[in-house]
Amino acid sequence: MAEILLSEAEKTFILHGVEEGFRCDGRMRLDYRPMEVETDVVSHASGSARLRLANTDILVGVKTEIDTPYPERPREGKIEFFVDCSANATPAFEGRGGEELGTEISNSLATAYQSSQTFDLTALCILPGQQCWKLYIDILILECGGNLFDAVSLAVKAALHNTRVPKVKGACLDGGTVDLQLSDDPYDCCRLDVSDAPCLVTLCKIGDHCVVDPTAEEETCSSGSVVIAITEKSLVTSVFKTGVGSFHPQTLIDILKVGQTIGLSVNKALRAALLEEEQQGRKKECFGFLK
Amino acid sequence: MATCYKSIHPVKYYRDFLAKGVRPDGRDMQKFRPVSINVDSIKTAEGSAIVKIGNTVVVCGIKAELAAPKAEEPNFGYLVPNVELPPLCSPRFCPGPPSDLAQVSSNFIAETLTSSGCVDLKDLCIAPEHLAWVLHCDLICLDHDGSLWDACVIALVAALRTVKLPHVSYDVEAETTVVSPEKRNKLQVHNTPVATTFAIFDDEILLTDPTNEEESLSSGVMTIVVQGGQLCSVHKPGGSPLTESQLQECINGAMKRAEYINKLVNMTLESLGT
Amino acid sequence: MDRTATLTKKETSGHESQLGLDTKADRLTDHVKTGVVSQAKGSAYIEQSNTKVVCSVFDPREIPRKSGYSVNGELYCEFKFAPFSCIQWRSHQPDAFEKECSLILRRSLEPAVCRHEFPNFQVDVYALVLENDGSALAAAITCAALALADASVPMYDLVVAATLGVHGDKKFMDPTVEEESLCNILPPDGRSRNHGIITAAFSPAHQQMSEFAQSGAMDIDCATSSIQLLREACESIYLLSQQCLLKGVTKMLKKKQKEIKLDLSSDRIAC
């Protein structure tokens, strides 16, 4: 993450606050900062979403393309994540500086979405063994205010919820090559089922307690964090540790349990927000990047 | 005390030893280091060999793939040799793209394979113009202590001799391939080249099978590839000039070594039961 | 493509009947050795059944492309599969999975290394998998920790790692490549929805888990109960690592003793 310079006194202040259950911005240990999500912000993408989590700003665009499936999995489509840490976020990301962080985030998303229970890739199949849909999920980090993993995963889930995959009307097999006819109607498309898509929850260990949704300053004080991917059905799809610290196994178990409860509530909240946005339909005010 | 002297005046340290007719590791000028060969230890590869010359360790793994033959050679399969010098084998290699030495070594191995004709590429063809075997020969050096090319060639030839390719039948009209992994045929290796490296120290003294230290302190290095009692190639990239008699001496040394190495490889393969 | 499922639904049911209920550490480490690469400062080689990993560590060197001063040293880890180590030929360029494994390797070793002992320097750790028969990452972590110890890099404790595969209600300790690909797909009969692979790195002396990487999908109870199993497996591997280090140190001491004896009895080299 971007380097925040904190003095020892500031670090001690944050540490003591966390021990008492108070954080610098007035939250409790397990509170999230206010989040704003808006879908369909990029008109040329099949699906898009923008998420603001206090100072963290993420833009996700989903593009669909036709591709051939892997020979060993002929009935499945493909999904690919790419994270671009733009220099807009911090000067440290200039040039190739953000590449390592970007790879870490895209790898973690790929692991979280790997299981067939999270995202059913068979829904992306057109003709088994020959044609399938490939989803390119491009994530752009516009501003870095801590807690990137959570924000990115929520934005990705919102963008996938918003994605419209064109319907295939017909296909003709011409001696090995396949010619697909897609529907001309821009509203004739199918939606993706993201009810089981996971959300990443970062639990940052500061002192003896763990804190949810750390700010950039809190991240600098901690020795390590555990990131856990939870689905709405309370399945754990990915766990990994970031930072240089290590954990006692009992601490890890406690962290995982806390993460599970938080993850479920975050998933629910996102779902409710997305449904509310959809219900507004055409009358929805488009804020885009103005707000 | 000796180690201090060695780090301050390494060349003089060597000169003092060589003046007495012996090298710091106890060998005399023409002596080779002990060689040990281990074959077929890597089960995921179609053929494999690990060769140790003194401290130098090279692993060769051969993976076979099916592909369409090259357009200009429709009746031949092809070999893709590659030498990798990962940073783990020596502190002088950095992570990243292949170093100059790795590229030169890959070239050397490719040339040795073609000029010695050890594998007949026609044997690798299954259906002309449609299907052929491609053998990826990957040589990875695990420890670079001199005589890298010697170890590479021995490892490559030993690994090739253990390769067993599954039986493949190709139906030209239907364009279907049937692979039967249970029926395996051994790859025919017609010739077995052996490389020997020499170092020229102080423009005069010839050292056989130099260690990494000796190679870096010497004024020239030369590799001779010999096969079937005949000279295959001589690789002398610059360095101090040699007289005709010195060159002849090296070639003779290389011939004798080739006999010994071939015997060793034969013994190893026999003990494998192939 | 290590994470993909290579077995079809038909094959999985056949496979399930063959593989038994393995819940304990059935496959033990076969062979561990330090000091295998003469050119490296420290090195180790590990063989767990058919998985073979070699790792070497080099002296601290300047951190490339860095201008500021850092109070703690850095670890640069690289994890690579040899092209012939897996069932499919692998390219020489590191792919996304290898880059992720390099990250996991670094995160497992960092807590155990006394990084304040070499400020502003970087220690290079290179792990190469010669043959992959499952659990290659865990073997690489154990091997790398031994190589670091062999290179006399100051450490708080040795790190050992183990892998657990979960498929339905079956748990495989130290899974083979086939078991790993089985654990990447959902159990077909729908009895249970748990499947996945967990790699955990543990420092037994301080009872600290330095890395816990899980993939797949499982209940929280499954994940938490696996922690105990992995801990037990790590404790048994720890004993082997310790013995190996002890052997290495005794050998080195004997060699030094011999050298000192020779020095006293030999003549000085003529200058």
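1. A residue is taken as buried if 20 or more other C-beta atoms lie within 10 Å of its own. By that criterion, 51% of the 271 residues of chain C are buried in this predicted model. Chain C comprises five helices and ten strands. Where its contacts link residues at least 6 apart in sequence, 70% of them join residues at least 24 apart.

2. An open sheet of eight strands draws on chains A and C, with antiparallel pairing. Its order is E12(A)-E11(A)-E13(A)-E14(A)-E10(C)-E9(C)-E7(C)-E8(C). The edges are strand E12 (209–212) of chain A and strand E8 (170–173) of chain C, each of which pairs on one side only. From one strand to the next, the twist averages 20 degrees.

3. Within chain A, strand E11 (residues 199–206) and strand E13 (residues 224–230) run antiparallel and are joined by seven bridges. One pairing to inspect is that of A:Thr202, whose bridge partner in E13(A) is A:Val227.

4. Helix H2 (residues 96–109) of chain C lies across strands from both chains: strand E14 (235–243) of chain A, and strands E7 (160–167), E9 (195–203) and E10 (208–219) of chain C. The helix runs at about 140 degrees to E10(C).

5. The contact between chains B and C takes 28 residues from chain B and 25 residues from chain C. On the chain B side, strand E3 (56–67) and strand E6 (131–143) each supply at least two residues. The residues of chain B that touch chain C divide into 13 nonpolar, seven polar and eight charged.

Technical notes:
Residues numbered from 1 in each chain as written. Chains lettered and ligands numbered in written order. Predicted model: local features only at pLDDT ≥ 70, side-chain atom pairs only at ≥ 80, totals over all residues. Pairing = 2+ DSSP bridges. Helix = DSSP H or I, 4+ residues; strand = E, 2+ residues; numbered from the N terminus. Axes fitted to C-alpha atoms, helices over the stretch in contact; angles between N-to-C directions. Contact = placed C-beta atoms within 7 Å. Buried ≥ 20, exposed ≤ 12 C-beta atoms within 10 Å, placed from the backbone. Nonpolar A, V, L, I, M, F, W, Y, C, P; charged D, E, K, R; others polar.
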